[in-house]
Amino acid sequence: MKQVVKPIKDSWILNEVENCLLSKESTGIRNYTIFQVGKSTLLRVSDVLSLKKTDVYNEEGLVKRNAYIIDKKTSKRNILYLKPVETDLQKYLEWLKTIQSNNRTKKIYKSTNFNGNVLTSPWLFPSIRHAERHIDGKAYWKIMNDVGHLLNIDYLGTHTMRKTGAYRVYQQTNHNIGLVMKLLNHSSEAMTLAYLGLDQDTREHILDTIDFG
């Protein structure tokens, strides 16, 4: 049976998922930052994992205001606004610098197949074992699946971060479906509503807030 991935609608559950991602000793900050970038930019996981350091950092190592990419699935141009995730990306870069230093690397990765230079790797989210490659979707699915098992949540997957970001934008902009549709690079509102997981109960709850006169 195919897993149904849904947005995380409850802020408390979202906090638990983020803390769980962050808690993994060797790769927690990377896994957490992937989630934050996906949630804040509403990118598909394949596009998040394909980001390069030069996409998000300038020559001084500061986070750019915008990143310009081409969506893999749609081949559409996409302009990413990075300010919402600026602090996380800056902390992540500092973490990369720290773990690459010899003493710290030996301490953290004594029992890990650490291979390559994660700091000079062109990829924003390099594999710890093979820094010349970025972490792939299957690996990140396993990370999210493990979090789901630990927290007893059966709807987590690689699309969770994108769906959660979209849902939060939708809720906090008074259901501005046009904005969410634009951010997701969708071609129709119907596609966006389905993606948000707006089931009958949710639709009825929204309708309860409408003054029909």
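For these notes, I take helix axes as lines fitted to C-alpha atoms over the stretch in contact, with angles running from 0 to 180 degrees between N-to-C directions. Helices (H or I, at least four residues) are DSSP runs numbered from the N terminus.

**Ground rules.** I am working with a predicted model, in which local features need pLDDT of at least 70 and side-chain atom pairs count only at pLDDT 80 or more, while totals for chains, interfaces and linings use all residues. Residues are numbered from 1 along each chain as its sequence is written, and side-chain values use heavy atoms, with hydrogens and water left out.

**Entry 1: α2 against α8.** I looked up how helix α2 (residues 28-41) packs on helix α8 (residues 160-172), and found an angle of about 45° with the axes 7 Å apart. That makes α2 oblique to α8; angles under 35 degrees would be roughly parallel, over 145 roughly antiparallel, 65 to 115 roughly perpendicular, and the rest are oblique. The crossing is right-handed, that is, the near helix is turned clockwise from the far one by less than a right angle.

I then listed the contact (heavy atoms within 4.5 Å). From α2 come I34, F35, G38 and K39, and from α8 come T160, M161, R162, T164 and G165. I sorted these residues into three nonpolar, four polar and two charged. Here Ala, Val, Leu, Ile, Met, Phe, Trp, Tyr, Cys and Pro are nonpolar, Asp, Glu, Lys and Arg are charged, and the others, Gly among them, are polar.

Entry 2: For burial I use under 20% relative accessible area as buried, over 50% as exposed and partly exposed in between (1.4 Å probe, protein chains only). T164, in helix α8, counts as buried at 0% relative accessibility. Beyond its neighbours within four places in sequence, T164 touches P7, I8, L14 and K39. N31 sits in helix α2 and is buried too, at 2% relative accessibility. With neighbours within four places in sequence set aside, N31 is in contact with L21, K24, Y140 and I143.

**Entry 3: aromatic rings.** How many aromatic pairs does the structure hold? I found two, where rings of Phe, Tyr and Trp (its six-membered ring) pair if their centres lie within 6.5 Å, and planes under 30 degrees apart are stacked, over 60 edge-to-face and the rest tilted. The rings of Y92 and F125 have centres 5.2 Å apart and planes at 45°, so this pair is tilted. Y92 lies in helix α5 (residues 86-100) and F125 in the loop between α6 (102-108) and α7 (137-151), so the pair ties together parts 33 residues apart in sequence. Both Y92 and F125 are buried. Ring pairs link Y92, W95 and F125 into a cluster.

Note on methods
Helix = DSSP H or I, 4+ residues; strand = E, 2+ residues; numbered from the N terminus.
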